[in-house]
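Trainee: I have a new model open and would like to walk through it. Can we start with one of the loops?

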Amino acid sequence: MDHSKQIQDIASKLFAENKIDYFVGYRQNAIDDSQVPYLISDPAEIPRLVFTDRSVFNLANYLKPEHTRRKRVGLVVKGCDSRALNLMLTESQVKRENVYIIGICCEGVLNEKGEKAQNCIECVMPDAVVYDEMIGTPTGKREYIVNADIKELATIALEKRADYFEDIFSNCIRCNACRHSCPLCYCAKCCIDQETSTLYHGANTSSGAMHALMTWSLHLAGRCVDCRNCEKACPSHLPLHLLHKQNESVIYENFQQHLAGMEKDDRGAFYKYSLSDPDDFIL
Amino acid sequence: MARVGVFVCYCGANIADFIDVPAVVEEAKKIKEVKISVLYKYMCSDPGQGMIRDAIVQNRLTSVVVAACSPRMHEKTFRKALSDAGMNPYMLEVANIREHSSWVHQKDKKAATEKANDLIRMAIAKSIANEQLHEISVPVTKRALVIGGGIAGIQAALDIADARIPVTLVEKSPSIGGRMAQLDETFPTLDCSQCILTPKMVDVASHPYIELIPYSEVIELDGYVGNYKAKIKKKASYVDFSSCTGCGACTQKCPVKVPNEFNMNIDKRKAIYTPFPQAVPNKPVIDATHCTMLLKGKCGICAKVCEKGSINFKMVDEVIEREVGAVVIATGYDLWDPKPYEEYGVGRYKDIITSLEFERMVSASGPTNGVPIRPSDGKVPKNVVFIKCIGSRDEAKGIEYCSKICCMYTAKHAILLHHKVHDSHAYIFYMDIRAAGKGYEEFVKRAQVETAATYLRGRVSKIYKKGDKLMVRGEDAQIGQVVEVEADLVVLATAVIAPKDNPSLARLLGVSYDKYGYMSEAHPKLRPVETAKAGIFLAGCTQAPKDIPDTVAQASACAAKVCGLFAGDTLKKDPMVSTINNEFCSGCQNCVKVCPYQAIVTEEIPLGHGSKELRTVAKINEGVCQGCGSCVAICRSMAINLAGFTDPQIINEIVAI
């Protein structure tokens, strides 16, 4: 999968026609074969744009900062990224007319070891769901697979699960990189950071981290698109997908096979009410 | 430092019998913010409230906790006591130790006492974080919407309109009048139903303050007390009412005949029809389900004979909007279908009819010109058996409740039968005679003595055919024997039931209804006219079976309630509404989506101080907000707070237990 040339052509065209102020893509990292997000405003930098199976990051996250929020941005999105973008559009964070979306029919990206990433193996929607221009051949929606780690999690007794998570998350250093890397964590001020809030405790302890991460995962329940930007950003290499995939599987099972961001104007399972909703479980 | 007063109520024996009240009082004293903790037999009484007022002044209290019954009962009472003592009324917290503890834990005094302690601790902790709040004033739209144009709706509309308040009266059928228009004479005075009803119907049509919208239904109601917005669907009548003179040429010439529901399908009406001669408005409508022009595109005779050209086959349903401040529901009743009484041969024997069919027959303007006949052969019946409680008080086949009016109208039918057919005889099978009401018992006596109706106490077990007669076999419990009566006609007093559309209407209006489909009142004794939703009232059989005097009384009560509501230019509203902290709002608009009252809109505010760039945030319309808290729960950024239930208050409560 190498779409570098096509993306460079589109970016040149967009700058030439003055359709965008910024273009967000990927460029080669200087020190190894990995790639980093690349935000340009100067057409001279277009030749450095690349797209391969090393283009792992979710670029929708770059619509969050104030300097791109109200500007016209050209953006490259894979299937999962486009779903996050869809939610940002639905939740009024991005104006559709402000973004030019280059959708990729993704063939899966690689992890650090050079193998196909787990979330790509389990991917339900490799094609971009929202786009202005599509690159590649769409392969359509795939069957939902329950994550292998979640199946394993189910074998741990309920009463031991809190300890299990507390143990895992004891390595959290509360740097909030997960939050900053998530395109859907766009709040003006996170509830966990509010000085006036007495609900959350912000202590940098394992229970404080647990509390923060659990709250975070619940705020993303029914919205997380499994792009794993948070895991890639985490300096402590926490398996954050355990929280999100657990929520996702419960929601998929109980709310008419709901998957986040697949359709426009779908705010997620928690934001709609129907009389047939089950009420016999908790996340 | 907060200074809290705790006032614990015995509630006579209601609380004191099941909770160790003195221990609860002592327990509260252990909390350091509590400056006074006392108990009294009836806190809601004047001396009880006096204790609170005095304690507030003497102990310089900053908040008050009353441990008593549900806040639904007396929160307002105690708030008033607080403001009388010069304290902000919203510094009150009520710990409900009656409904939530003593009543539900009557078998375990120790546990009930512990729970009461917990409830009081929570209330104390919450009250410490209480903030001073002030009532909100909202403007009132002084127009009432009355749903249903029976006698209840007519009376309510007239009484409200007489107070010079505009009324919109919506009636489902082509004419107002309702069930009462179908009746012949009315108990207990036997005055003619039409004669006393039709003048009122005409008054409705001619009243300058009443807007009558017939042949239409309410399909949507948004808003809140004082400011509702109703959407009304005017069904296509295919007749232009403004030019139609009601001459009746169209109904005469129409070739399509369909069963006449006004006459209980005893005779036929046309596909273009006015329901009855005295109809208001006296304009015909076309029944789209039977008109051949509308169904097949052939005929159009009515359009040809209409001199005014009022027939318009292209007419479509129209939706209109009205802004109203209050709503009166008066949808009336239906009658129970006696089909389950198979042993009576219902449906098999033509000469078994329902009371309303009998009523139409004895009506002078009815299908048989006031003479009761046997549907099978058209002969005038001599022996008529009336059977009461068909469906009523019948858990097996019908409904559990008593329909209230059948005893009286059956007595009336016996008298009317005697009036119309002098040599007839009425037999009445009954379970009890329920004749409570002014002149009612005397009326039943009149049926028994004057018309010599035979009252047989007992149930009918079987009806079978013998020749052209019906043999009614039943028990006469007073002589303890099975009796058989040879009848020409059998009349079943079928139960009164709620209209089948009541539940869907109730959901649309946001009011509650009971298991039978009747609309629920706010309190069965003390608020029988109001629903639990402010500004929506009940009149007549939409709430429960009622006779005409009760219905009219309740309709007038509704009018008094509506006039009371509209007495001022603004309405006072509890200040428990949501507020948005713009600093934290990310503008995701989830709150806009979850708000059931459409109380949240968006607004554009500057991005930063003095900035020209704008960002979108949510904005609460506090007049519309009902304080349900849905937006608070959905907001991820915790930008929304509900006054009276703020995060610190809730956290304090949780920490306290």
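Mentor: B:Tyr215 sits in the loop between strand E10 (210–213) and strand E11 (216–224) of chain B. Helices (H or I, at least four residues) and strands (E, at least two) are DSSP runs, numbered from the N terminus. The model is predicted: local features need pLDDT of at least 70, side-chain atom pairs count only at pLDDT 80 or more, and totals for chains, interfaces and linings use all residues. Residues are numbered from 1 along each chain as its sequence is written, while chains are lettered from A and ligands numbered from 1 in the order in which they are written.

Trainee: What is the phi of B:Tyr215?

Mentor: The phi of B:Tyr215 is positive, about 55 degrees, although the residue is not a glycine. Most residues other than glycine have a negative phi, and most peptide bonds are trans.

Trainee: Is B:Tyr215 buried or exposed?

Mentor: B:Tyr215 counts as buried, with 20 C-beta neighbours inside 10 Å. A residue is buried if 20 or more other C-beta atoms lie within 10 Å of its own, exposed if 12 or fewer, and partly exposed in between, with C-beta atoms placed from the backbone.

Trainee: And what about B:Cys11, where is that?

Mentor: B:Cys11 is in the loop between strand E1 (4–9) and helix H1 (21–29) of chain B. B:Cys11 is not a glycine, yet its phi is positive at about 50 degrees. B:Cys11 is buried, and 24 other C-beta atoms lie within 10 Å.

Trainee: Which peptide bonds are cis?

Mentor: One cis bond joins B:Phe187 and B:Pro188, with omega about -5 degrees. B:Pro188 is in the loop between strand E8 (185–186) and strand E9 (191–192) of chain B. Another cis bond runs from B:Val280 to B:Pro281, with omega near 0 degrees. B:Pro281 belongs to the loop between strand E15 (272–273) and strand E16 (285–286) of chain B.

Trainee: Stepping back, how is chain B divided?

Mentor: Chain B has domain 1 (4–128), domain 2 (145–226 + 322–333 + 499–565), domain 3 (249–305), domain 4 (336–497) and domain 5 (578–656). These bounds come from an automatic or database domain assignment. The C-alpha centres of domain 1 and domain 3 of chain B are 67 Å apart.

Trainee: How many helices and strands in chain B?

Mentor: Chain B has 18 helices and 34 strands. Its C-alpha trace spans about 90 × 75 × 40 Å along the principal axes. Of its 657 residues, 47% count as buried.

Trainee: What is in the largest nonpolar core?

Mentor: The largest nonpolar core has 115 residues, and B:Val146, B:Ala156, B:Ala157, B:Val328 and B:Val490 have the most contacts inside it. Such a core is a set of buried Ala, Val, Leu, Ile, Met, Phe, Trp, Tyr and Cys residues joined through C-beta atoms within 7 Å. Helix H12 (residues 406–420) of chain B gives the most to this core, with 9 residues. A second, separate core of 69 residues includes A:Ile7, A:Phe51, A:Ile104 and A:Cys187.

Trainee: How is chain A divided?

Mentor: Chain A has domain 1 (4–135) and domain 2 (148–271). The contact between them takes 21 residues from domain 1 of chain A and 20 residues from domain 2 of chain A. Two residues are in contact if their C-beta atoms, placed from the backbone, lie within 7 Å. Helix H3 (residues 79–90) of chain A gives the most to the domain 1 side, with 9 residues.

Trainee: Last one: how many residues does each chain give to the contact between chain A and chain B?

Mentor: Chain B gives 19 residues and chain A gives 16 residues. On the chain B side, helix H16 (590–594) and helix H18 (647–656) are the elements that give two or more residues.
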